[in-house]
Each structure stands twice: as C-alpha cells, then as structure tokens.
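Visitor: Please show the sequence and the structure, and then take me through the side-chain contacts one by one.

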Amino acid sequence: MSLFLISLAVLIGGYFIYGALVERVLGTDPKREMPAYTRRDDIDYMPLPTWRVFLIQFLNIAGLGPIFGAIMGVMYGPAAFLWIVLGTIFAGAVHDFVSGVISVRAGGASLPEIVGYELGNGIKQVMRVFAVLLLVLVAAVFVIQPANLLAGLTPETMDATFWIAAIFIYYMLATLLPIDKVIGGLYPVFGFALLFMAAGIMGVLILGDVTIPHGITDGFHSRFTSGEHPVFPMMMVSIACGAISGFHATQSPMMARCLKNEKLARPVFYGAMVTEGVVALIWAAAAIAFTGGYDQLNEYIAANGSGAAGKLVNDISMGWLGKVGGLLAVLGVIVAPITTGDTALRSARLMGADMLSFDQKKIWKRLALSLPIFAATFALMQMDFLVLWRYFAWCNQTLATFTLWACSVYLARHAKWWWITALPASFMTFVVSTYILYAPSPEGFGLSRAVSLGCGALIAAALSTLFLTYVRRLHDGAPTREYLY
C-alpha cells in the first residue's frame, strides 16, 4: 500500500512542481492569439469550454493503454510503479505539453507538420505515413476489446460482430461531424463513467480491506516466468499510455484548435497526462491486489490468454464495486478505448487535410479523405489482437521519440531549456532502438540482449551527439532555415 500511496502523491506533486517549471520554460502567454479564433471554421477550429477541452483530451489519450497496459505491465514488478510515475512527470506529460503548445503556436498544425518544421522535409514525409499508420492501428485495436466486453454484457444476439459494426459506425460519425456535435456532446457523459471507474477502484484500494503486494524487497526484476521479458526495454514499451505515448501528440493538435487561452495548456495537456498516469497506477495496483500477488497474476494471465486483461477488469469491477458500481466501472473501461478510437480517425483525417492542403469545410471533402482511412482500419481489424497491440506499442513509442527530438529542436531554436525534452528523447531513443533489435521475430530482429543494448546505446549516443552539434551551431550563430512560427 505504501508504494501505491507514495507513487500517487509524487505523481500529483509532479503536476504542480515540474509542470510549473515546464510552463515557465515555454513561457505561455495569455495574450497570444489562439487558432480557435483566428482560424475558426466551426468544424475543427472553434473555442470550447476548458472543462470540455480537458475531458476530450483526457478521453482521447486514455484508451485501453493505461488500463490494459498497466495490468499486463505490473508483472514487471515494482519497477512498473516507478516507470508510471517518473515516465509521466519527466517524459510523457512534458511530451504532451510541449507538443500541444507548439501546435497552438503553429496555428493548430498536425504532428507531422510540426516535426517537419523542426527536423526537415524528409522526416516530415516519413512522419506523415508513420503517424497515420499509428492512428489507424489505434482505431483497429480500440474496436475489438470494447466490442468483446459489450458482447459479454448484452444478449447473445448482440455478439462481438454486432458491436464491432456499431462502434465503427460511431467512429465514422465522430470523424466526419463538427467536433462540438458527437465528440463534444458525448464526452462529458463518457468522462463521468471513466472517472467514476477510477475513483471507485481507488476508493477500494485505499479504504477497503485490500493488500497491495509491492515486492520491493525482492528487487526490481521482471516477475514474468519467461526470461523473454526483461524490465529494460520491454516494460517501457508495454506500459506506454500510462507513462509516455507518441499517440498523445497526434491528439494534442485537435485540442490546440479549440483552446481559448494559451495559459490553459498546462492543465489541459500536462494535466490530462498526469490524470492518465493516476489511472494507470490504480489499475496496476488493483491487478496485483485482486489476484493476490505476482505469481497469482501470472497464473491468471496464463489461464485466460489474450482475453486476460479484459476479464480481469470485469472481475475486479464486479467483485469490488457490486453489480451497479461494477457495471458503471466496466462501461468506463468500454468508453475509454472508444473515445480514443474515434479521435484517432479524426486526427488521421486532419493530418491528411494538412498534408494535401485540403479544406474540410464541406462534408464531401471530409468523406473523401476518410473513406481510405476507414478501409485501412477495417482491414487491420482482421489481424490477431495481440499482434496488433505489439506493433502499436513499438510504433507508439517511436513516434514519441521523434516528437521529443522535434520539441528539443524547437526549444533550442528559441534559446529555452532544451534538456527538458532532449534527456527523455535520448532515453526513449535507447528504449525503442533496443526493443526493435531484441524483440523476437516477426516484430523485431531477435538479437541477443547484450548486442541489442549495445547497439541501442550507440544509436542514442549518435542522435544525442547530432543534436548537441546542432545546439552548438546555434550558439555560434550559424544560419538556419526559415520557420513558420
């Protein structure tokens, strides 16, 4: 219990202390003109109430990642709690906050355009393809699990296939209609369900007769029985959305187009990520407490296969909160991925519009961009869920790495404390490089851990050296290309 409470306190404290430091570095300006007003089109650009912007941002990023990722990731032992806390404060929330502010200052530009401004046109083209692929993966991943959960709560005639079709139709509407219609209208209701779920489970953890085994005295090694799951780098990829996630930077521009004042960026972007970290902490602690320990959780996962995380969510919710409370909790877990999938496809449409300079005022133009995205999502849904999740996880963290380097270049150009993003960028470069080399085929190259670690360190060192060289050239007054912001 002590590890959970300390982690919770440090995470919340991080918002007020480190979050304020990052805000000071960025120099947010309450007088800055906001794209919600300067580019208003009442489709994607429009001012929305701050509470609604926060809820949309939180629900966008909170999908299954901080729930399923934390449940599976807690098998890495007490190191999982440290990664959720430190990763959120020093990497994930900084990543979301800085990229969100840059988007505001670039007129609500999408992530590939931001990265292209900072890292060059070649990287921009790669990022355009990479980011859209990730968003389509997200939408595909976040249809299957909620459909399965809904099928378990409804009559047999409403099976998983029925719910997949229903969710996909909702995705299409949310992608095409103005943001204040479906997304802005339903998110307050969805937000209540998700926050009720988190508060209810946390209440049982703190006030109930519950023991949270922490296992610190046994060390910070992985608790998986297989030796294929070392803490580094596997944990940093498994627990993504609860610590740092590149997907978030694809969502921040959507809310950058609706924010009324730049001073609201910290509660919306940094604050939503900290809230997601809290959700991840809650489910990591709940998983280990409900099953009784790492060995028991490992047996539970082995017995239930690919559906283990979803079944455990249902068992915990119904077991601890009763039928009514448990139903609301399960609905919260169903809502979370659905409200991520819909905005993932919307973000993919916006990226396509930015890439092609294609106005989105008319519905037929939105539909023309969306149909290929819908088709690709449906095709990916035919793949095995676990395979999809593994590819999503690595793509997600790689995108975060690109974003952090782009943020570092932005800060260096503006003579700000670039180390707040360059340090996590270097670390995440080490993580994703090592992971792809070490992970077994077909998702990785299946090299030995020693070789993977060595090569990953060299790649991280090379990119860090390249960045530092760029910073020195800036200090020496070397000419740089023109920027839009």
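Visitor: Is Y15 buried or exposed?
Guide: This is a predicted model, in which local features need pLDDT of at least 70 and side-chain atom pairs count only at pLDDT 80 or more, while totals for chains, interfaces and linings use all residues. Residues are numbered from 1 along each chain as its sequence is written, and side-chain values use heavy atoms, with hydrogens and water left out. Buried means under 20% relative accessible area, exposed over 50% and partly exposed in between, with a 1.4 Å probe and protein chains only. Because Y15 has a relative accessibility of 14%, Y15 counts as buried.

Visitor: How are the planes of Y15 and Y270 arranged in their aromatic pair?
Guide: Rings of Phe, Tyr and Trp (its six-membered ring) pair if their centres lie within 6.5 Å; planes under 30 degrees apart count as stacked, over 60 as edge-to-face and the rest as tilted. By this rule the count comes to 16 aromatic pairs. For Y15 and Y270, the distance is 6.1 Å centre to centre and the angle between the planes is 55 degrees, so by the cut-offs the pair is tilted.

Visitor: How many residues apart are Y15 and Y270?
Guide: Helices (H or I, at least four residues) and strands (E, at least two) are DSSP runs, numbered from the N terminus. Y15 lies in helix α1 (residues 2-26) and Y270 in helix α12. The pair links distant parts of the chain, 255 residues apart.

Visitor: Which charged residue lies over the face of Y15?
Guide: A charge sits over a ring if NZ of Lys or CZ of Arg is within 6 Å of the ring centre and within 35 degrees of the ring normal. At 4.7 Å from the ring centre of Y15, the residue over its face is R266.

Visitor: Which residues are linked with R266 in a network of salt bridges?
Guide: A salt bridge is a side-chain nitrogen of Lys or Arg within 4 Å of a carboxyl oxygen of Asp or Glu. A search of the whole structure finds twelve of them. In the network, R266 is linked with E23 and K263.

Visitor: How many residues apart in sequence are the parts that R349 and D44 tie together?
Guide: The side chains of R349 and D44 meet in a salt bridge at 3.0 Å, N to O. R349 lies in helix α14 (residues 308-356), whereas D44 lies in the loop between α2 (35-38) and α3 (50-62), so the tied parts are separated in sequence by 305 residues.

Visitor: Is R257 buried or exposed?
Guide: R257 forms a salt bridge with D354 (3.2 Å, N to O). D354 lies in helix α14 and R257 in the loop between α11 (246-256) and α12, so the pair ties together parts that are 97 residues apart in sequence. D354 is partly exposed, with a relative accessible area of 24%. Because the relative accessibility of R257 is 3%, R257 counts as buried.
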